[in-house]
Amino acid sequence: MEYVNPEQEYSALVQRRHEELKDLIAKGIMPFAYSYDVNNYSMNIKNNYQQLENKDVRIAGRIMAIRRMGKASFAHIQDKEGRIQIYLKKDDIGELYNIFKLLDIGDIIGVEGFVFTTKTGEISLHARSFQLLAKSLLPIPIAKEAVDESGNKIIYDQFADKELRYRQRYVDLIVNPDVKKVFLLRSKIVTEIRRFLDANDLVEVETPILQPLYGGAAARPFITHHNTLDVDLYLRIADELYLKRLIVGGFDGVYEISKDFRNEGMDRTHNPEFTMLELYVAYKDYSWMMSFVEEMIANVCKSVFGTLEFEIEGNKVNFTAPWQRISMVDEIQKITGIDVLYASYQDLVKALKERGVEIKGGESKGKLIDELFEVTVQPKLIQPTFIVDYPVELSPLAKKHRTREGLVERFEGFVLGREICNAFSELNDPIDQKNRFEDQGRMREEGDDEAHQIDEDFVRALEYGMPPTAGLGVGIDRLVMLLTDQSSIRDVILFPQMKPQK
């Protein structure tokens with residue numbers, strides 16, 4: 001058997017399609033149309049067959065399979081709702097049938113015909129005419145199925161390479177229907193969040209992406225330069241400080257669903273560009289916000305999925321309120337025996353090294369506490385749980401705890417060991433805020449490049465008076481990952497950041 005180089009075979013397929021394109025043009029066929037009047041879709045036809053039987057419809061979509069049989073052919077076309085079979089007969093469409101011979105899998109066509117059922121019982125469209133709308137010049141990687149001697153289904157030639165799928169998401173969406181379903185669900189989740197917030201009288205606003213100072217989180221920024229002003233600017237790492245300026249200005253409730261950017265590593269839960277929901281409500285605190293989060297997530301689950309119970313990575317997860325509430329420092333002490341509020345820096349380093357965590361040096365005490373939490377407590381948080389009351393070193397923008405020294409009123413929501421939200425009783429004391437900014441500044445000088453910058457204008461805003469406020473940040477990508485049972489953030493971002501191709 002003669003060996004055929006796959007690249008040569010691919011090139012031959014591309015060459016053949018270009019030759020077909022020339023033949024179509026020579027026959028007076030426009031290979032790239034301007035428009036087509038669609039009046040129905042695949043699933044609607046199937047779901048309403050009794051009403052549509054023998055009725056004329058016009059649909060459009062991509063050819064995903066072709067079976068030619070002399071003077072008749074069958075094909076499956078894929079539109080926004082799914083796939084439907086079309087039947088083309090030379091006696092019905094005349095010269096158009098010869099044009100159909102020049103079409104390939106991947107070509108986009110419009111078809112006009114009547115709805116009927118084949119002898120095998122498949123709801124189909126009997127074509128009266130069709131129009132080529134776009135010629136596909138590259139072959140679509142269509143998966144094929146076969147059955148072995150034991151009756152097992154075998155799928156081969158599948159477009160399954162993750163790296164290639166992320167780079168060529170357009171192909172991924174064409175050939176892997178489940179991928180498209182995830183992004184349709186993502187859209188519905190965001191829509192329901194927005195509807196819930198609007199119904200609770202929060203105002204959607206927009207804040208700057210390019211900022212002279214970055215803040216609102218512990219992260220490294222992306223830096224760019226404005227030529228006219230001749231100043232460096234930062235892509236925002238969070239919306240927080242601008243949204244709280246609006247609370248100072250008299251808004252009682254604001255939110256933004258925004259793109260944030262952090263110049264950090266990439267893994268299954270991190271992408272340098274990601275989507276965040278941040279919201280702030282005046283005259284509320286973090287206890288109120290916990291109930292608000294429970295209600296918001298429950299609303300999304302019921303509205304989009306019709307349930308509060310999910311199977312995620314083999315775990316049964318129930319989002320029914322109330323979620324468990326656990327003190328961060330108490331839980332660390334329960335597991336490790338260490339009271340992190342009073343432990344020395346060396347004690348924390350020792351505890352982390354004993355658990356295999358690499359210490360680079362220069363980390364703040366708060367950073368070490370956070371690392372200890374991540375390796376001892378976080379993996380155990382399977383059911384929806386609020387971790388509450390964090391050490392002050394970890395939260396330069398949160399209000400001090402009203403009863404426990406050394407803590408702030410903060411919570412994070414966790415599911416399956418992943419953080420999905422972060423909230424504070426917001427710090428509104430300008431003197432305390434300035435002192436904490438200065439503490440963060442000293443941490444930066446000591447080597448913590450994720451410590452907060454000093455934002456004098458934000459302190460000035462607080463000096464005009466900010467009412468008691470509850471704030472919340474929700475990682476939209478991570479929430480979608482959970483609810484759609486996806487193991488990587490790249491599976492819920494249409495165009496994730498990728499390493500450059502060599």
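Let me start with Glu-256, which is buried at a relative accessible area of 4%, where buried means under 20% relative accessible area with a 1.4 Å probe and protein chains only. This is a predicted model, in which local features need pLDDT of at least 70 and side-chain atom pairs count only at pLDDT 80 or more, while totals for chains, interfaces and linings use all residues. Residues are numbered from 1 along each chain as its sequence is written, and side-chain values use heavy atoms, with hydrogens and water left out.

Glu-256 sits in strand β12, residues 253-261, strands being DSSP runs of E of at least two residues and helices runs of H or I of at least four, numbered from the N terminus. The side chain of Glu-256 makes a polar contact with the side chain of Thr-207 at 2.5 Å, a polar contact being a pair of N or O atoms within 3.5 Å, of which, within protein, one must be able to donate a hydrogen and the other to accept it, and residues adjacent in sequence count only if both atoms are side-chain atoms.

Turning to helix α11, residues 328-336, we find Met-328, Val-329, Glu-331, Ile-332 and Thr-336 buried. Seen down the axis of α11, these buried residues fall within an arc of 165°, so they line one face of the helix; the arc is taken from the directions from the helix axis to the C-beta atoms. Just after α11, Gly-337 takes a positive phi of about 80°.

Technical notes: Buried < 20%, exposed > 50% of the residue type's maximum accessible area, 1.4 Å probe, protein only.
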